[in-house]
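Here are my notes on this entry, as numbered points. Please read them with the structure open.

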Amino acid sequence: MSRGPSTPWNIFIAVAATLGAIIIPAHVVGSRDLVPRFLWYDILLNIIFLADLVVRLQHRGRRSGIPGWVLYGADILAVLPLHLLTGIGGLALFRLLKLTRVAELLVEWRHHNLQRWNVLRLVYFIYWMGLCVHWLACGWLELRGVAPGTDVWTGYVRSLYWCVSTLTTIGYADNMPSTNPEIIYSIMVMIFGVATYGYVIGNAANILVNIDPARAGYFTHMEKLSSFMTYRGIPPELQRRVRDYHRYVWDNRLGYDEESIMTGLPPALMTEVMMFLKRDVIQNVPFFATASEQLLKDVALVMHPAVYMPGDLVFKKGDVGRAMYFISKGEIEVLDGNGARIALLGKGDAFGEMALVLDKPRGATIRTAGYCDLYRLDKKDFDDILRRYPEFAVHVRQLTRLRSRWKLPGKS
Ligand code: CMP
């Protein structure tokens with residue numbers, strides 16, 4: 001599929017279209033001094049829009065959801081110098097159709113930057129409001145004209161002032177419409193102002209609340225959790241630990257569970273994502289030093305994240321071995337039956353493999369020394385990997401025998 005013009009080009013065109021949307025109405029309303037050397041700007045815009053039309057025709061393909069005929073129709077109308085050919089200055093306003101590119105850019109950004117979508121919506125709203133206020137001020141300047149003894153810029157600033165005070169329904173009575181066209185124009189601006197006001201009230205609060213949906217979701221969940229725990233009379237100390245756990249998960253992973261957030265991806269893409277997330281851990285484990293890329297991918301797919309709190313017992317000596325673990329973050333203590341420390345393991349280390357390989361109960365107790373991010377590899381997946389990669393199975397058995405004999409690899 002054609003990818004379309006690159007984003008920097010789209011941004012450039014959107015900026016050019018915006019400049020056009022500012023200077024063309026200011027010129028068309030008749031206050032020509034507002035835009036000196038307009039013809040040059042107009043020619044420059046014409047060249048840019050023409051170049052854009054050529055670029056777009058080369059990259060045909062629908063990317064934005066806006067129908068093709070609207071986009072190309074707008075592009076063609078925006079590029080035709082109708083006002084120069086006919087001498088009707090108002091036809092220059094067709095250049096404003098190029099603003100469809102700004103709308104298109106927003107759609108494109110929405111797909112690429114969902115995280116900032118609400119901020120973008122807010123910026124977009126302010127952008128359109130700014131343009132509308134400018135257009136309405138230009139219209140008022142056209143109707144009212146420039147007061148005798150003042151220059152056109154003063155006239156524009158006064159129009160802007162009138163426009164903002166009318167739109168915001170403040171309406172100081174110092175700039176009253178006097179002619180019928182002025183009164184009708186004022187009525188339209190007031191209606192527009194009230195409608196926009198309604199829209200702002202309805203949407204801005206919603207946008208602001210949702211600027212960070214993950215954070216909002218986290219706090220909502222924490223509130224529910226707190227009320228539930230209080231309602232069920234869970235002891236304060238236990239409540240604190242539950243809250244601490246969520247806080248830790250939030251601080252370290254924005255509260256996202258990497259497995260559920262990625263569900264639904266096609267297998268190949270899922271493998272790539274999981275490899276990216278877990279490669280650091282898998283590659284640092286001496287356990288996988290000899291493993292092939294394919295084996296690492298297979299392991300990455302079946303390793304499950306698990307967070308432990310300080311002082312948690314991952315398992316106890318004598319327990320049945322159901323999984324082995326890899327340390328992604330934090331430290332764990334290997335304790336003997338009396339609670340004495342045999343070893344301290346950290347990032348990149350693995351533990352719990354002996355019970356699986358030797359088919360024996362756990363030979364030591366594992367306790368976390370702080371918050372720990374682990375990856376768990378269940379016994380059935382572990383056995384499956386050993387069965388499918390016999391050379392790796394030999395390597396693992398050798399390592400395990402070494403560890404059980406010398407009780408060494410940990411940093412004790
Ligand atoms: P397992 O016996 O399944 O459960 C306890 C785990 O502690 C064990 O597997 C090893 O992974 C780990 N372990 C045991 N002894 C040591 C040691 N001396 N150094 C590091 N890790 C150890």
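1. Start with Thr-18. Leaving aside neighbours within four places in sequence, Thr-18 is in contact with Leu-99, Val-102 and Tyr-127. The model is a predicted one, and these contacts should be read as such. Thr-18 belongs to helix H1. Its relative accessibility is 15%, under the 20% limit, so Thr-18 counts as buried.

2. What does H1 meet in H6? From H1, the residues are Thr-18, Ala-21, Ile-22, Pro-25 and Ala-26. Across from them in H6 are Tyr-127, Leu-131, His-134, Trp-135 and Cys-138. Tyr-127 is also among the contacts listed for Thr-18 above.

3. Now the geometry of that packing. Helix H1 covers residues 7-28 and helix H6 residues 117-144. Their axes lie 9 Å apart, at an angle of about 15°. That angle is under 35 degrees, so H1 and H6 are roughly parallel to each other. The crossing of H1 past H6 is left-handed.

4. H6 also holds Arg-121. Is this residue buried or partly exposed? Arg-121 has a relative accessible area of 23%, so it is partly exposed. Not counting residues up to four places away in sequence, Arg-121 touches Asn-203, Asn-206 and Ile-207. Arg-110 is 11 residues from Arg-121 along the chain, and their C-alpha atoms are separated by 9.2 Å.

5. Next, the aromatic rings. The structure holds 19 aromatic pairs. In one of them, Tyr-218 and Trp-250, the ring centres are 4.7 Å apart and the planes are at 15°. Planes under 30 degrees apart count as stacked, so this pair is stacked.

6. Where do the two partners lie? Tyr-218 is in helix H9 (residues 213-231), and Trp-250 is in helix H10 (residues 236-253). The pair therefore ties together parts that are 32 residues apart in sequence. Tyr-218 is buried, at 12% relative accessible area. Trp-250 also counts as buried, with a relative accessibility of 8%.

7. Ring pairs link Phe-287, Phe-288, Phe-326 and Phe-392.

8. Last, charges over rings. Arg-362 lies over the face of Phe-315, 3.7 Å from the ring centre. Lys-98 has its charged end over the ring of Phe-49, at 5.2 Å from the centre.

Technical notes: Residues are numbered from 1 along each chain as its sequence is written. This is a predicted model: local features need pLDDT of at least 70, side-chain atom pairs count only at pLDDT 80 or more; totals for chains, interfaces and linings use all residues. Side-chain values use heavy atoms; hydrogens and water are left out. Rings of Phe, Tyr and Trp (its six-membered ring) pair if their centres lie within 6.5 Å; planes under 30 degrees apart count as stacked, over 60 as edge-to-face and the rest as tilted. Helices (H or I, at least four residues) and strands (E, at least two) are DSSP runs, numbered from the N terminus. Buried means under 20% relative accessible area, exposed over 50%, partly exposed in between (1.4 Å probe, protein chains only). A charge sits over a ring if NZ of Lys or CZ of Arg is within 6 Å of the ring centre and within 35 degrees of the ring normal. Axes are lines fitted to C-alpha atoms, for helices over the stretch in contact, and angles run from 0 to 180 degrees between N-to-C directions. Angles under 35 degrees count as roughly parallel, over 145 as roughly antiparallel, 65 to 115 as roughly perpendicular and the rest as oblique. A crossing is left-handed if the near helix is turned anticlockwise from the far one by less than a right angle, and right-handed if clockwise. Contact means heavy atoms within 4.5 Å.
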